[in-house]
Amino acid sequence: MPGPAPQSDVSLIDVLPQHRFDEAALWQYLQQHLDDFSQPAQLRQFQGGQSNPTYLIQTPTKKFVLRKKPPGKLLPSAHLIEREYRILRALPDTEVPVPRARVLCEDSSIIGTPFYVMDHVEGRVITGVHLPNLTPPERRAIYTDYARIAAKLHSVDYKACGLADFGKPEGYVARQLDRWSKQYLASKTEENADMNELMAWLAAHLPANDETAIVHGDYRIGNTILHPTEPRIIAVLDWELATLGHPLSDLAYACMFYRIPPSDTGSGGLAGVDIAALGIPDEQEFLSWYCKFSGRERIADWPFFLSFAYFRMAAITQGVYARALQGNAADQRAIKYGEHAKGFAAAGRAMTRQGD
């Protein structure tokens with residue numbers, strides 16, 4: 001017997017003051033560009049850490065989701081909702097489940113920034129990797145789907161679905177290493193021997209075999225929608241970081257949680273948790289599923305890609321830490337991100353010792 005269906009971790013709130021815009025202009029635009037849009041319409045905002053503000057549009061007959069760039073001056077390579085829209089439009093005929101993207105508006109005069117609208121997918125978003133309130137068989141089924149969808153994404157013929165120019169086809173790992181090393185050094189607040197050693201080791205151990213596939217860039221349980229009652233994934237969300245890259249970078253990112261300790265808030269990872277009792281596969285079984293679904297015989301350079309995943313997260317969280325300190329040196333979240341950055345760097349350096 002399945003357990004009671006858990007509530008989704010995603011909640012809706014009134015639109016935050018800094019994210020409000022001219023709703024009447026939006027309704028007028030959608031009336032012209034969506035044949036199944038009708039008024040009266042209600043706008044609410046999804047609560048959470050999305051870098052692109054995300055809203056639910058409810059009409060008398062249908063729900064839509066709007067994603068827009070945040071207000072203010074933005075980095076040219078950030079918040080690329082146009083790329084999100086493009087990949088959502090490219091994947092519907094594949095085995096990767098995505099929401100149906102409906103319309104992209106690049107005209108900032110409508111609501112202040114570019115935006116796109118997709119159909120709402122009714123289901124559950126569960127951010128905790130231990131999948132609370134599910135039964136062991138349900139957790140196992142979802143993790144099987146999690147591995148299967150990653151394999152199917154990386155097997156998509158990106159040229160055939162119109163994404164040949166979605167990124168540079170070679171040298172992804174070297175470019176990412178260079179980019180995030182520079183970002184880290186620009187945001188460094190103190191010396192970190194683990195990070196220095198990690199960057200040096202990665203630069204000296206770049207894999208000889210290059211591969212190119214569509215990579216999600218943030219592939220994790222919390223970026224999927226589960227069926228409302230069944231233990232399966234019905235949509236993958238948040239494609240902001242998607243590009244052409246090495247598929248094992250995605251896989252390693254998805255497996256980082258095995259070495260991250262759990263947290264009091266329900267986030268964190270599975271280190272030290274009795275995952276067998278929960279029905280969650282261990283890392284080797286998860287990798288074997290990925291190999292089966294992708295047709296691989298083995299995973300090459302695994303210590304490198306895990307180290308690389310931790311390095312990338314160390315650089316990202318260090319950047320968040322540095323920005324938070326600039327805004328408010330007493331901000332407790334800034335202190336937390338600083339510790340996260342150190343933890344990721346230490347975990348990455350520990351992984352490199354398996355590759356020496």
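Buried here means under 20% relative accessible area, exposed over 50%, and partly exposed in between (1.4 Å probe, protein chains only). The model is predicted, so local features need pLDDT of at least 70 and side-chain atom pairs count only at pLDDT 80 or more, while totals for chains, interfaces and linings use all residues. Residues are numbered from 1 along each chain as its sequence is written, and side-chain values use heavy atoms, with hydrogens and water left out.

**Helices**
- Helices are DSSP runs (H or I, at least four residues), numbered from the N terminus.
- In helix α6 (residues 247-255), 9 of 9 residues are buried, among them P247, D250 and Y253.
- R349 belongs to helix α10 (residues 332-355) and is buried, at 13% relative accessible area.
- The side chains of R349 and E197 form a polar contact of 2.7 Å (N or O atoms within 3.5 Å; within protein, one able to donate a hydrogen and the other to accept it, and residues adjacent in sequence counting only if both atoms are side-chain atoms).

**Cysteines**
- The whole structure has 0 disulfides (cysteine sulfur atoms within 2.5 Å).
- C255 is in no disulfide, and its nearest cysteine sulfur, that of C291, is 10 Å away.
- C255 is buried at 0% relative accessible area, whereas C161 is partly exposed at 22%.

**Nonpolar cores**
- A nonpolar core is a set of buried Ala, Val, Leu, Ile, Met, Phe, Trp, Tyr and Cys residues joined through side-chain atoms within 4.5 Å.
- The largest has 82 residues, of which Y143 and W239 touch the most other members.
- Helix α9 (residues 302-327) supplies the largest share of this core, 11 residues.
- Another core, of 21 residues, lies apart from it and includes V15 and I110.

Note on methods. Helices (H or I, at least four residues) and strands (E, at least two) are DSSP runs, numbered from the N terminus.
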